[in-house]
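Dear colleague,

I am handing over the structure we discussed, and below it you will find my notes on what turned up when I went through it. Please read them with the model open beside you.

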Amino acid sequence: MTDLPATSEIQSSSARRPWYISALMAVVAVTLLLGAAWGFARLKSPFPFYGTAYNGNTVAAGFKGTDQDGQPYAFVPGQGGKVTALFFGFTHCPNICPLTLAYLDKVKAALPANERDRFQTVLVSVDPARDTPERLKEYVEYFGKAEGIHIPEPALAQVAKDYGVGYQRVEVKGADYQMNHTTATYLIDASGKLRVLWDYTQLPQVERVVADVQQVLETSQ
Amino acid sequence: MNTPTPINLDPTLADLLIPAPDILFLIPTLLAAGYYLWRFIVSRRTEEGRARWPIWRAVLFGLGIILLLMTTQSRAATLTGSSMALYMGRLMVLAEIVPPLLVLGIPRGIRINPRGAAARVLGILLDPWVALAVWAAVIIFWNVPAGFNASVVTNTAAALLPALYLLSSLLVWSVILRPLPNVQPAGMGSRGGFGLLAALPMMAVASVWLYAPNVLYTPYVNALCLWNLSPLQNQQLSGWIMMLAGLPALALAFIQLFQWLVELTGGDEVAPPT
């Protein structure tokens, strides 16, 4: 940006550029733009994860509670070489939580037999006041096979905070209250790291979720 | 080692501005700001340099850099999934406020070797067709539901989209404000026409958001939103933000078009002495 004074050379060549050359350059530019976006995604995560990939260095938090059988439960991320799909929900949830459980059950069923045993689903209730272990048992067994964990407050708030999960009680006119909550499912690998996050809207594409799970199963023993 | 950021559903402005460094943006921004500062200091040594690079240009550039840092290096950048309006507010600052400030900060009279690679690359990037196509692609592709959903919930564009808004809008504003006349042959009329066309994709998207009766983007359908806004309110607010953000560029386009009309009709000629 220093040398020569402005001359008319470039000006005239740009001005003389036929419109169809400009149009062609525009098409090439858009192609390059979309290609670069794809390349950036691959650079960020060499495996094309369907969900949002974590940076590979994010440790999942452990927690303690009571499982659906009323037994003390301690979640130690990665323990026993297991890969865990963890989500936060509640049994009075009319749509998102049952669907999430059902889709995660489909994901498990779609895994090869040798990988199925290493994959587990854990539901942490964000409504400990109503979700007793008995109710959780009924719920997780009806919609699939998962661990239903009851954690009383204020420990629940800390666990939710550890995972970046928000939840709050919402009063409903003429009906029992509902809970608003983050609808993500977190995939934790066998070394205890958070690897992928799916929004519940992504779960219906079971094959793509299965591919993510298999990648994590195969890269974390 | 780190853990996910906890969500505060009622953040104040101070909460939103808590630093959250994003190296991908931070390093290029600091390098660009450092280069600009160095060249500005050098220019102060001569009378001619001071004349073509007045302090007000450096102030505008500095303001643009500060806004860029505030929108990309703060907690606000981590709350995309919790507020469409906040997300759109950030993108609009990056697209409609930062770029004109940065472009206005460029000193006049930059001399580029017309035979050099820089002139040729700029000649292509600042071709109105190229700038408009890239801008329209960013606005349209990443605002149709599939693209927008991907930008919010997958890793394909979440980190990239703010950069794309900034860079494509820099091209658009460079065509409109024409900081490098010797590689930008466009006259006032074509710049005004270009500005008008460039504003259309954003205005169209904003109108859809304002008048759509349903939430268009699945990640926000049942989202827990900041400040107790419903997802639909968030979408409508995003429409207002986008529309208002696009108005200055639209107004400038009309001014340029009218100026061109005045030139065309000889209205700017000096009256002959009587």
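**Helix packing in chain B**

In this predicted model, helix 9 (residues 161–177) of chain B and helix 10 (residues 188–211) of chain B have axes that come within 8 Å and cross at roughly 150°. An angle over 145° counts as roughly antiparallel, and helix 9 of chain B is therefore roughly antiparallel to helix 10 of chain B. The crossing of helix 9 of chain B with helix 10 of chain B is left-handed. From helix 9 of chain B, the residues V172(B), V175(B) and I176(B) take part, and they meet R191(B), F194(B), G195(B) and A198(B) of helix 10 of chain B. Sorted by class, this contact between helix 9 and helix 10 of chain B holds five nonpolar residues, one polar and one charged.

The loop between helix 9 and helix 10 of chain B contains R178(B), and this residue deserves a look on your screen. R178(B) is not a glycine, yet its phi is positive, at about 50°. For background, most residues other than glycine have a negative phi.

Helix 10 of chain B also packs with helix 7 (residues 128–141) of chain B, at an angle of about 10° and with the axes 9 Å apart, so helix 7 and helix 10 of chain B are roughly parallel to each other. On the helix 7 side of chain B the contact is made by P128(B), L132(B), W135(B), A136(B), I139(B) and I140(B), and these meet S190(B), F194(B), L197(B), A198(B), P201(B), M202(B) and V205(B) of helix 10 of chain B. The classes here are 12 nonpolar residues, one polar and no charged ones. You will notice that F194(B) and A198(B) are listed in this contact and also in the one with helix 9 of chain B.

Elsewhere in chain B, helix 4 (residues 55–72) and helix 5 (residues 84–104) pack at an angle of about 160°, with axes 7 Å apart, and helix 4 and helix 5 of chain B are therefore roughly antiparallel to each other. Helix 4 of chain B passes helix 5 of chain B in a left-handed crossing. Among the residues that make the contact are L60(B), F61(B), G64(B) and L67(B) of helix 4 of chain B, together with V93(B), I97(B) and L101(B) of helix 5 of chain B. By class, the contact of helix 4 with helix 5 of chain B has 12 nonpolar, two polar and two charged residues.

**Chain A**

Chain A is divided into domain 1 (7–44) and domain 2 (52–218), and the C-alpha centres of these two domains of chain A lie 46 Å apart. In the loop between strand 6 (147–149) and helix 6 (155–162) of chain A sits P154(A), and the peptide bond from E153(A) to P154(A) is cis, with omega near 0°.

**Confidence**

The predictor gives the complex an ipTM of 0.76 and a pTM of 0.73. The mean pLDDT of chain A is 85, with 92% of its residues at 70 or more, while for chain B the mean is 84, with 86% of its residues at 70 or more. In chain B, residues 1–6 have a pLDDT below 50, and in chain A the pLDDT stays under 50 over residues 1–12. Where pLDDT is low, the predicted coordinates should not be read in detail.

Key
Residues are numbered from 1 along each chain as its sequence is written. Chains are lettered from A and ligands numbered from 1 in the order in which they are written. This is a predicted model: local features need pLDDT of at least 70, side-chain atom pairs count only at pLDDT 80 or more; totals for chains, interfaces and linings use all residues. Axes are lines fitted to C-alpha atoms, for helices over the stretch in contact, and angles run from 0 to 180 degrees between N-to-C directions. Helices (H or I, at least four residues) and strands (E, at least two) are DSSP runs, numbered from the N terminus. Angles under 35 degrees count as roughly parallel, over 145 as roughly antiparallel, 65 to 115 as roughly perpendicular and the rest as oblique. A crossing is left-handed if the near helix is turned anticlockwise from the far one by less than a right angle, and right-handed if clockwise. Two residues are in contact if their C-beta atoms, placed from the backbone, lie within 7 Å. Ala, Val, Leu, Ile, Met, Phe, Trp, Tyr, Cys and Pro count as nonpolar, Asp, Glu, Lys and Arg as charged, and the others, Gly among them, as polar. pLDDT is the predictor's confidence in each residue, from 0 to 100. Domain bounds come from an automatic or database domain assignment.
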